[in-house]
Amino acid sequence: MKILIVEDEIEIARNIQEYLESENFKVESANNYHSAYDKLLQYQYDCVILDLMLPGGSGLELIKTIRKENKIQPILILSAKDSVEDKVKGLELGAEDYLSKPFHLAELLARVKAIIRRKSSAADFILRYKSLSLDLENRSVYVDQHNLILNRKEFDILYYLMLRPNRLLEKTTLIESVWGDHADQVDNLDFIYSQIKNIRKKLKEVNADVDLQSVYGVGYKLI
Amino acid sequence: MIAILLIMAIWAGLFYAVLMDEVYDNIDDGLKNQKIEIIREAYNNSAIIDQNKVFGINQFRILPSQDHKDLDKNVFSREFIYMPYDEEEEPYRILKTGFYSQDGLPYLLEIRTSTVEEDDFLINLAISLSILYLVIIISIIIINQVVLTRIWKPFKEILRNLSAYRFAESSPYTYKNTQVMEFDELNLRIEEMLHKNQLVFLSQKKFIENASHELQTPLAITIGKLDLLLQDPTLQESQINKLAEAKQGLHRMVKLNKSLLMLSRIENDQYKEIEKVNFNQLLQQLVVDFEDILQFKNIQLSLKEDDTFVVDFNHDLALILISNLLRNAIRYNKDPGEIDIHISKNEIIIANQSSSEALNPDYIFERFYKGNQDPQANGLGLSIVQSILLKYPNLSLDYSYVAGKHYFRIKNT
């Protein structure tokens with residue numbers, strides 16, 4: 001899977017690149033309008049992570065121009081501005097999704113994977129890990145043949161954990177991804193604990209070979 | 001102007017008095033003159049003494065008198081005496097005096113003269129002065145009104161323009177040319193001053209937005225680095241904990257930044273689109289979203305809907321408004337606790353139990369004010385609520401504390 005990062009802040013680009021490469025993506029980057037334009041014309045990427053504020057032209061302009069050249073590629077917009085108009089305009093111009101800075105890298109990964117999944121020809125909506133399979137389209141979870149009944153939040157939690165098996169997913173990231181903005185500013189993040197407990201119980205009930213492990217109280221990982 | 005009127009009144013009074021004095025002096029001089037001529041004639045022709053025992057054509061009379069010390073002293077007086085011409089009593093000036101005849105006998109001499117004309121004259125004078133005085137007063141008033149009104153009209157217009165000027169609107173200060181140089185200059189200076197102030201105002205508005213915008217990038221970079229660090233599988237527990245705590249600290253900054261940015265955007269009118277927002281639906285959705293937290297914190301929430309609360313509002317702002325209030329109700333609640341939400345056609349009441357006492361309504365909307373120090377709260381929640389409501393003057397928010405519960409009430413007037 002090839003990703004293009006278009007971002008003028010070197011450190012941010014580096015952060016994203018390192019993270020995605022650890023997930024076995026091939027990553028290229030461009031740090032201004034023109035080099036991004038050249039790369040997009042020459043190559044095809046599975047996802048383009050595009051910052052809207054670029055030297056040499058705006059990210060929205062880039063989207064428009066690329067469309068005119070008929071080189072449509074799946075785009076995830078990044079922006080520090082957080083303005084509603086940019087978001088709407090970007091999506092109208094054909095971008096797949098929008099993420100505002102600062103963001104969790106795990107969240108970025110989830111969205112990139114979602115975009116790739118949407119765009120791939122194979123109906124690859126099923127995540128698998130060991131005996132666990134998660135069907136995104138039908139929102140169902142199976143351990144071997146057993147169907148796990150999960151509520152909406154439990155399903156989302158499991159999904160995020162399955163995106164990066166065996167890797168630590170912090171509580172804060174998980175909560176923000178699943179509950180959105182409403183969940184922040186609750187002084188104690190442990191309300192997620194009951195959801196985790198439920199998921200573990202259900203996995204145990206079907207003798208699954210996967211489990212959710214708490215990592216030093218900081219987060220969880222799928223093992 | 002009152003000073004002028006007073007001075008004129010005094011002058012008129014003095015003028016009248018002086019004139020009156022002069023007139024009577026003249027009359028008295030005339031009488032004294034007559035006295036001299038009568039006495040001279042009496043010395044030459046003593047028959048006069050006997051012939052004038054009554055006031056006849058001569059308008060004087062001589063009567064024998066007792067001798068006394070002040071015989072020839074002049075005494076003036078005023079009497080009313082019947083005049084056949086006018087068939088009524090008219091004023092006379094009378095000089096009573098005395099003299100010694102050639103024989104040395106004492107006599108009383110009374111000389112009188114009619115002062116009808118002079119009195120009439122003085123009355124007319126008084127009337128004329130009064131009329132003149134009135135005319136002058138009226139003229140001054142009229143001139144004051146007309147001329148000064150005309151002169152001050154451009155000035156009044158300047159005052160009107162100034163009071164209508166709003167910094168928030170970008171329309172410039174406009175004015176017409178007046179005929180008066182000084183007012184034109186005033187207009188010019190005002191325009192410069194307002195323009196400068198407008199620039200300062202705009203740059204201050206921009207400052208918060210720019211500052212938070214600039215802060216987001218280094219925050220994003222640092223959070224990213226910490227994210228990457230946390231991926232390292234060889235880390236020990238203490239290291240992971242410290243990294244996670246560091247990230248949390250940064251996240252507080254991020255949230256603070258976002259809140260400040262939102263405040264700035266709200267005040268800059270960047271949330272402009274208005275639609276009919278159904279607050280009932282918003283609240284229902286939020287209650288579902290917050291379900292897990294409510295359960296975790298042992299809070300009973302009741303949502304009572306008597307009617308639907310629908311107003312013209314910006315959808316995003318409405319969501320922020322309600323969720324901020326609800327979040328506070330959750331955060332500052334007891335364990336176990338209660339939240340009661342009551343929606344009617346023109347009112348939404350959010351009430352929550354609390355471990356704290358009554359809040360001070362003067363302070364709670366101040367930025368960064370936190371009643372009970374909750375480290376996760378940034379103190380901007382209610383400020384944002386207030387900023388939002390300021391944009392909708394037909395909505396108001398009030399707070400009260402009754403029987404251990406905080407009541408926040410949004411009213412549509």
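1. Start with the meeting of the two chains. In this predicted model, 32 residues of chain A are in contact with 35 residues of chain B. Three elements of chain A give two or more residues each to the side that touches chain B: helix 1 (10-22), helix 7 and helix 8 (192-205). Helix 1 of chain A supplies the largest share, six residues. By class, this side of chain A has 14 nonpolar, eight polar and 10 charged residues.

2. Next, chain A as a whole. Chain A holds eight helices and 12 strands. It has 223 residues, and buried residues make up 35% of them. Take the contacts in chain A with a separation of 6 or more: residues 24 or more positions apart account for 58% of these.

3. Now look at helix 6 (residues 152-163) and helix 7 (residues 171-179) of chain A. Their axes come within 10 Å and cross at roughly 130°. The crossing of helix 6 and helix 7 of chain A is right-handed.

4. Which residues make the contact between helix 6 and helix 7 of chain A? From helix 6 come K153(A), D156(A), I157(A) and Y160(A). From helix 7 come L174(A), S177(A) and V178(A). By class, this contact has four nonpolar, one polar and two charged residues.

5. Helix 6 of chain A also packs with helix 8 of chain A. Here the angle is about 80°, and the axes are 10 Å apart. Angles of 65 to 115 degrees count as roughly perpendicular, so that is how helix 6 and helix 8 of chain A are described. In helix 6, K153(A), E154(A), I157(A) and L158(A) take part; they meet Q195(A), N198(A) and I199(A) in helix 8 of chain A. The residues of this contact divide into three nonpolar, two polar and two charged.

6. Two residues deserve a second look. K153(A) and I157(A) are listed in the contact of helix 6 with helix 7 of chain A, and K153(A) and I157(A) are listed again in the contact of helix 6 with helix 8 of chain A.

7. Turn to the sheet. Three strands of chain A form an open sheet in the order 10-12-11, with antiparallel pairing. The edge strands are strand 10 (169-170) and strand 11 (212-215) of chain A; each pairs on one side only. Strand 11 of chain A is joined by four bridges to strand 12 (residues 219-222) of chain A, and the two run antiparallel. S214(A) has Y220(A) as its bridge partner in strand 12 of chain A.

8. Last, one residue of that sheet. K221(A) lies in strand 12 of chain A. Is K221(A) buried or partly exposed? K221(A) has 16 other C-beta atoms within 10 Å, so it is partly exposed; a buried residue would need 20 or more.

9. What does K221(A) touch, leaving aside its neighbours within four places in sequence? Its contacts are L161(A), N166(A), R167(A), L168(A), L169(A), Q213(A) and V215(A). K221(A) and E170(A) are 51 residues apart in sequence, with 8.6 Å between their C-alpha atoms.

Definitions and conventions:
Residues numbered from 1 in each chain as written. Chains lettered and ligands numbered in written order. Predicted model: local features only at pLDDT ≥ 70, side-chain atom pairs only at ≥ 80, totals over all residues. Axes fitted to C-alpha atoms, helices over the stretch in contact; angles between N-to-C directions. Left-handed = near helix turned anticlockwise from the far one by under 90°. Contact = placed C-beta atoms within 7 Å. Nonpolar A, V, L, I, M, F, W, Y, C, P; charged D, E, K, R; others polar. Pairing = 2+ DSSP bridges. Buried ≥ 20, exposed ≤ 12 C-beta atoms within 10 Å, placed from the backbone. Parallel < 35°, antiparallel > 145°, perpendicular 65-115°, else oblique.
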